[in-house]
Amino acid sequence: THDLEKLLYLHVISLQIKKVRGIVDFPHISMVHTDPETREHAKLNKQFQKMIDNIKKKERPSVNQTIMRLLNKYHPNLNPVQREKVLKTIEDYDGAAFLRMFTNCEIIELNRRKQVEKTDEMGDKIEETYTLPQEIRYQGPNLSAIVIGGVRVSRGLTLKGLTNTWFTRTAVKPNYDTMLQMARWCGYRKVKGINYNDLVRIFTTRDIANGFSTIAGVERALRDQLELFSDETDPVEERIWIQQHDGFRITGRMPSRLGESNIFGEIWATRTWTHQPPIFGHADAKQANKK
C-alpha cells in the first residue's frame with residue numbers, strides 16, 4: 001500500500017509539472033499491471049480509494065512535505081524554474097483546489113469482463129453487457145486517471161498520456177513477443193510540440209527490468225540484420241537469426257488452425273506455404289511493396 005501511495009503522489013506531481021509546461025487538454029494516465037485476476041484489480045481499486053480518503057484527512061503541511069520529497073527524489077533533473085513554479089502553484093491552491101489534485105484522479109478498472117446477459121420472454125439473449133468498461137472513455141480532454149487491469153492493459157491498448165507505470169506481472173518463462181507487447185510505456189511523449197518524455201517513470205522488479213533489457217538487445221540485433229538488406233534483397237531467401245536466452249521463449253506456438261507446423265529450434269514454423277508467396281513473387285506486387 002505504501003508503494004502504491006507513492007505512485008498516487010507521483011501521478012499528481014507529474015500532472016502538475018505538465019501543466020506548468022503548458023500541457024493541457026490532454027489525458028494524464030498512470031497504469032497498474034500486477035495480475036490478470038480480476039479480484040486483484042478490485043482490491044487495488046479499493047486501496048487507491050482508501051488512500052485518497054486518507055490524504056483528505058491529513059494536515060496540508062504533511063501532504064506538502066511528501067510532495068516535495070517525492071518531487072526531489074524522482075524528478076531530480078527537473079528544470080529549477082519549473083520546480084519552483086510547481087511548488088508555488090501547489091502552495092497557492094486554496095483548500096478545495098489542493099484536494100482536487102487527488103480527488104479528481106479517477107481509478108479505472110479495465111478487463112474485469114463480468115458478463116451480464118438480458119433475455120426476452122422466450123429466453124433468447126437480446127443484450128450482453130459488462131460491469132466495467134474494456135476501453136477508456138475519454139469523455140473530457142483533461143482526464144486524470146490511474147488505470148488498473150490485466151490482459152486488456154498489457155496488450156493491444158494504447159493509453160493516451162501514459163506517464164507512470166507500475167508493472168510487476170511476469171510469466172514463468174515469458175515469450176519475447178508477448179513481453180514486448182506488454183511494454184505499454186512506449187507511446188505518447190509530446191503534446192502540441194511540448195515534450196514530457198523525461199517525466200516517464202516505470203516501477204518494476206529487477207528481474208523484469210533485466211528481462212526487458214535482454215529483449216531490447218535481441219531486438220536491436222534483429223534490426224541490425226534487417227538494415228543490411230538492400231532494395232534487391234529477397235526476404236524469402238534470407239534467414240534472420242534471433243538470439244535465444246535461457247529463461248525465455250522466442251514466441252508461442254502457432255494455433256493448429258493455421259495448418260500443420262513443425263519446430264525449427266525454438267521457432268514454431270508453419271508449413272502452410274510450400275512455394276514463394278505471391279506477394280513477393282508477382283512482378284507488379286513486388287515493385288509496389290518495395291516502393
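User: Which residue is the bridge partner of Ile107 in E5?
Analyst: The model is predicted: local features need pLDDT of at least 70, side-chain atom pairs count only at pLDDT 80 or more, and totals for chains, interfaces and linings use all residues. Residues are numbered from 1 along each chain as its sequence is written, and side-chain values use heavy atoms, with hydrogens and water left out. E2 and strand E5 (residues 144-149) pair in the parallel sense over 5 bridges, where strands (E, at least two residues) and helices (H or I, at least four) are DSSP runs numbered from the N terminus, and pairing requires that DSSP find at least two bridges between two strands. Within E5, the bridge partner of Ile107 is Ile146.

User: Which residues of E5 stand opposite Glu106 and Ile108?
Analyst: Glu106 stands opposite Ala145 in E5. For Ile108, the bridge partner in E5 is Val147.

User: What is the strand order of the open sheet?
Analyst: The sheet has 5 strands with parallel pairing. Its edge strands are E2 (106-110) and E9 (201-203), each of which pairs on one side only. From one strand to the next the twist averages 15 degrees. The order is E2-E5-E1-E6-E9.

User: What angle does the direction of H2 make with that of E2?
Analyst: Helix H2 (residues 38-57) packs on the sheet and touches strand E1 (28-33), E2 and E5; touching is a contact, meaning heavy atoms within 4.5 Å. Axes are lines fitted to C-alpha atoms, for helices over the stretch in contact, and angles run from 0 to 180 degrees between N-to-C directions. The direction of H2 makes with that of E2 an angle of about 180 degrees.

User: How many of the residues of E5 are buried?
Analyst: Buried means under 20% relative accessible area, exposed over 50%, and partly exposed in between, with a 1.4 Å probe and protein chains only. Both faces of E5 are covered, with Ser144, Ile146 and Ile148 buried on one side and Ala145, Val147 and Gly149 on the other. E5 is therefore largely enclosed by the rest of the structure, and its buried residues number 6 of 6.

User: How many residues of E2 are buried?
Analyst: E2 is mostly covered. Of its 5 residues, the number buried is 4.

User: Which residue of E5 is the bridge partner of Ile29?
Analyst: E1 and E5 pair in the parallel sense over 5 bridges. The partner of Ile29 in E5 is Ala145.

User: How far apart are the end C-alpha atoms of H2?
Analyst: The expected span of a helix is 1.5 Å times one less than its number of residues. The 20 residues of H2 should therefore span 28 Å, and this agrees with the distance between its end C-alpha atoms, 29 Å.

User: Within what arc do the buried residues of H3 fall?
Analyst: In helix H3 (residues 60-74), the buried residues are Val63, Thr66, Ile67, Leu70, Leu71 and Tyr74. They line one face of the helix, because, seen down the axis of H3, they fall within an arc of 130 degrees; the arc is that of the directions from the helix axis to the C-beta atoms. On the other side, Pro61, Gln65 and Lys73 are exposed.

User: Is Pro27 buried or exposed?
Analyst: Pro27 lies in the loop between H1 and E1. Leaving aside neighbours within four places in sequence, Pro27 is in contact with Lys18, Tyr138, Pro141, Leu143, Lys160 and Gly161. The relative accessible area of Pro27 is 7%, so Pro27 is buried.

User: What is the phi of Asp25?
Analyst: Most residues other than glycine have a negative phi. Asp25 lies in the loop between helix H1 (2-21) and E1, and counts as partly exposed at 43% relative accessibility. Its phi is positive, near 55 degrees.

User: Is Lys192 buried or exposed?
Analyst: Lys192 is in the loop between strand E7 (190-191) and strand E8 (194-195). Although Lys192 is not a glycine, its phi is positive, at about 50 degrees. Its relative accessibility is 72%, so Lys192 counts as exposed.

User: What percentage of the residues in the protein is buried?
Analyst: The secondary structure comes to 10 helices and 11 strands. Among the 291 residues in the protein, the buried share is 35%.
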